Amino acid sequence: MEQRRCERRRERGCLLGCVVAVLLWSVASAQIRYSISEEVNEGTVVGNIAKDLGLDKNTLKDRKYRIVSSDPDPLFHVNQHDGILYVSRKIDREEVCAQSSTCLLNLKTVLENPLEVHYVGVEVLDINDHSPTFPEEEKRLEISESVLPGARFQLKPSRDSDSGHFSVQQYKLSPNDHFRLEVRDKGEDGKIPILVLQKSLDRETAGSNLLVLTALDGGKPPKSGNMNILVKVLDVNDNTPIFSKDVYSVTLSENAPVGTTVIQVNATDLDEGQNGDVFYSFGNSVSSKLFKLFDINPSTGEIIVKGLIDYEQKDKYEIEIEASDKGLAPLTTEKSVIIQIVDVNDNAPEIEVTSFSSSIPEDSRPGTTVALISVNDLDSGLNGKVICSISEDVPFTLTPSLQDKMYSLVTKSPLDREKQSHYELTIIAKDAGQPPLSSEKTISVVVADVNDNSPEFSLSPYTFYVTEANEPGASVFSVRASDRDENDNALISYHILREGTENKLASFLNINSENGDILALKSFDFETLKTFQFQVVATDSGTPSLSSNVTVNVFILDQNDNAPVILYPVSSNGSAEGVEEIPRNVNAGHLVTKVRAYDADIGYNGWLLFSLQEVTDHSLFALDRYTGQIRTLRSFTETDEAEHKLIILVKDNGNVSLSATATVLVKVVEPKEAFAASDVKSATRDEEGTDVTFYLMITLGSVSVLFIISIIVLIAMQCSKSTEYTSKYLQETNYDGTLCHSIQYRSGDKRYMLVGPRMSIGSTIVPGNHANTLVLPDRRRPSGEVRYI
């Protein structure tokens, strides 16, 4: 015994000195793997994790490298200073992994800030640290001396907690004259020792025999365990029980209730008394699992159900039954009972999606495969025959595959993401058992977008109103389009259609390609341009891209941006000054002169009012605020001064009114001087007046015709447009019920446009200072042309 303990110490010393930590990178699991033998001392190095992970010592400490485990007494720990994995306590492989062929412990290690997880596998290698043991230290056998050679006595096998090669490998029997040893290999149940009588016993020679059965494992050196067998020789029980059938076979439905009788075996013994009294038991080779499922009545031989019978776990059982007599040296006969389990429909079908495309393009053709589905039923026969179907009315269907119990989920009709982008499909599998069992599985199918929708503008056409004199570069209006697709297919960019168009104004517009805001690169002038149109194209970002266009109508709104321009009086140097001579003997109401002016704006913005800003004598002169006529209020007297200065303010009616001033010097002369001066002026005016009167008549005729045309056009626009639109573009009437008009004329190399109230027939157009006059580029008319609008 002392020698055996010394051998065990030496073995452990060798194992502790030969601890090997091998780093293995597994491709399948992508983790560090070490191996270490069981029973090594506490503090044994398993491996350098920091080195294998490529981490330096500072990182380990700063980021608190540690093992995450819920075990209060873990098997391993890692040193945060050097990253080496150590054994925390002795490891008993049989305690950790029982008798598994491979004992792999997975450790979860973490680094903080940021969180990083690494898995480390440690395989615990088995060592031969357990000896074989028998269920009992001493076995008593009673054998009649009449037993013939060849009789067999099955013994209970030895068990070894070690696994694999270190488990029980062989048996040895101590040398004797009567028995030899046979070993029967039962696979998972191990090796069964059997004593075989090779020479008849003689009670008179030896009343008992002491045998030693030794079990050896596969270690080097092997470990062993002994069982003493005491064979007592009985006298004359020379008949063994005999079973009534050579083969016992029976069928049993699974899920049979506990207590159900499976079969009754029967054996008889020709001996009398105790030697012929038979009792039944399970054989020594019956596994512990069968003891949980079946039981046997020792008196009647009935085998009954003790636990739950499951066909899917095992469909056939073979049980060894022993029939023994009650003689002083009992004889035993063994017989196998075969129990065939009959399947019952107690398992619902199982659905498994083996291959699945969670997203499918909406332009997929009918018949496109979405998923491969396999079904399985652990039952057999009709109980295991499964039929699959889809419950909802969806554009998908199941088609059987060539392979048994395989189905393809395919599209059966066209898809449209814009109508429905997501489907929850419930697949039902039902078997053909009675009653049938079924199961369901729901899978989600997302319909992927395809660029099949063109952008759509919110309005078509667009109509915008822009006040003239807008700030160049500022956004004046915007267009918006939407696309029912998603992602890039719905990402819209805008541009102005410039190719193939004769609208030159489109070149002065710019559009934000992302949001559709349109910017004017120059200011609009109502007096030059009143309306125009262009087209905007919206294009999505799909492949290939789709686009649509819309027409944009732009109307320019007038604002008071033109000051009145004095036409008369105008001096030779261009200033608004003039001298009028009148006889001293004129009566009250005499027309001294008429101030003429125009405003390029229209409506109230171009409606002019005249007022006296300064006057030498308020009692002498009066000014008509609407016509600009200056008349005398009374006759001149001898005491009145000979020269009077009148400053006239001309102001328009805009919200922020603009104005201009004219200066008229009135000289009072004696009648003879006035008559002589009037003769000279009349000669000149007769020549000029004839031409001016002719042009004014043409102007008034043109204005009348255009006025009638304008009325017709405005009435048509009022009928076709909204009231708001009509109110913006009907010209304002002046105070005497007439409409404003405009005149275009040329002086030198410049063209001018005049817009203002209706001028009287006697009005005279005299080009004066051009500082307050709207100068227009002439693109259509030759120099010197005068056009009336």
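In this predicted model, E670 is partly exposed, with a relative accessible area of 43%. The side chain of E670 forms a salt bridge with that of R584, at 3.8 Å from N to O. Because E670 belongs to the loop between β50 (659-669) and α6 (671-720), and R584 to the loop between β43 (577-583) and β44 (591-594), the pair ties together parts that are 86 residues apart in sequence. R584 has a relative accessible area of 13% and is therefore buried, since buried means under 20%.

Elsewhere, salt bridges with shared partners join R417, E418, D449 and E486 into one network. The search of the whole structure finds 14 salt bridges.

Two further pairs involve strands. In one of them, the side chains of E182 and R152 meet at 2.7 Å, N to O. Here distant parts of the chain are linked: E182 lies in strand β12 (residues 179-185) and R152 in strand β10 (residues 152-154), 30 residues apart. E182 is partly exposed, at 23% relative accessible area, and R152 is partly exposed as well, at 49%.

The other pair consists of E112 and R66, whose side chains form a salt bridge of 2.7 Å, N to O. This pair also links distant parts of the chain, with E112 in the loop between β7 (104-111) and β8 (116-125) and R66 in strand β4 (residues 66-68), 46 residues apart. E112 has a relative accessible area of 23% and is partly exposed; R66, at 33%, is likewise partly exposed.

Key. Residues numbered from 1 in each chain as written. Predicted model: local features only at pLDDT ≥ 70, side-chain atom pairs only at ≥ 80, totals over all residues. Heavy atoms only, no water. Salt bridge = Lys/Arg side-chain N within 4 Å of Asp/Glu carboxyl O. Helix = DSSP H or I, 4+ residues; strand = E, 2+ residues; numbered from the N terminus. Buried < 20%, exposed > 50% of the residue type's maximum accessible area, 1.4 Å probe, protein only.
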